[in-house]
Amino acid sequence: MKFFRLLVFALTMGFSFNFAAAQVSGAKISGTVTDGVKPVDGATVILLTARDSAVVKTALANDDGSFSFGNLKDDNYQIRVTCIGYKGYRSGPVTIAQQRPLVLPAIILTATSKALNEVAVTGQKSYVEQKIDLTVVNVNALISNNGANALQALEKTPGVLVDPDGNITYKGKTGVMILIDDKPTYMSAANLTTYLRSLQAASLDQIELMDVPPAKYDAAGNAGVINIRTKKIC
């Protein structure tokens, strides 16, 4: 009887351990972006794999300069930061091990020189454009979107998270309204995920992110709007 009790106890503990391990959703990398004096609000922070510089996720720095990337697997990463008026930044290897969260030292950006000897105008768009009432992501400005599908492009969009069931959240909020070319999709999460997987990222023009649903969309709640704009074929 004593042996039987010990066996049951061991099995129970083993089950509890495995169940707890299964709850681990991934580690987190967080940090702040400053210019050495004040936070740099709206800087674009890009998480890359160290081995091949593939883009894993992107984020925009908050008002206090903070940013974070969650649900990460153990790997070696790099951080790249860009912001208008500052020189680009790229970190050395950043390692996630044993699913432990990692807080980075403050990233300090250096302002570019204000003296311009020559002004060159090019047609290259920035990946992220911050406007008064929305954030615009130019899908094809990110090289890693070449050959990707629309869902993969959406997953790399700052503040957007797509879970395994196809549920889309924006800045941690559920119930976000998804539009395609300004029109509501009226699809279930699963059907929308299937549809976006069937679209090539090359067919997308921009992804517009709005924290507060504009009145014209008559959106319930306050979870925001993601408007996926496709390229127009003339």
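**A surface question**

Is Arg51 buried or exposed? Arg51 is exposed, because its relative accessible area is 60% and the cut-off for exposed is over 50%. This is a predicted model.

**Salt bridges**

The structure holds four salt bridges. One of them joins Asp75 to Arg51, with the closest N and O atoms 2.8 Å apart. This pair links distant parts of the chain. Asp75 sits in strand β5 (residues 75-82). Arg51 lies in the loop between β2 (44-49) and β3 (55-60). The two residues are 24 residues apart. Asp75 is buried, because its relative accessible area is 18% and buried means under 20%.

Lys38 and Asp35 also meet through their side chains, at 2.7 Å from N to O. Lys38 counts as partly exposed, at 46% relative accessibility.

**A linked network**

Asp182, Glu208 and Arg229 form a network of salt bridges. Asp182 pairs with Arg229, and their closest N and O atoms are 3.1 Å apart. Here too, distant parts of the chain are linked: the two residues are 47 residues apart. Asp182 is in the loop between β14 (177-180) and β15 (183-184). Arg229 belongs to strand β17 (residues 225-230). Both are partly exposed, Asp182 at 31% and Arg229 at 24%.

**Nonpolar cores**

In soluble globular proteins, nonpolar side chains tend to be buried together. The largest nonpolar core has 30 residues. Val160, Ile168 and Ile226 touch the most other members. Helix α2 (residues 150-155) gives the largest share, four residues.

Beyond its neighbours within four places in sequence, Val160 is in contact with several residues, including Leu154, Ile168, Tyr170 and Ile226. A second, separate core has 22 residues, among them Ala43, Ala59, Ala61 and Leu72.

Notes
Residues numbered from 1 in each chain as written. Predicted model: local features only at pLDDT ≥ 70, side-chain atom pairs only at ≥ 80, totals over all residues. Heavy atoms only, no water. Core = buried A, V, L, I, M, F, W, Y, C linked by side-chain atoms within 4.5 Å. Buried < 20%, exposed > 50% of the residue type's maximum accessible area, 1.4 Å probe, protein only. Contact = heavy atoms within 4.5 Å.
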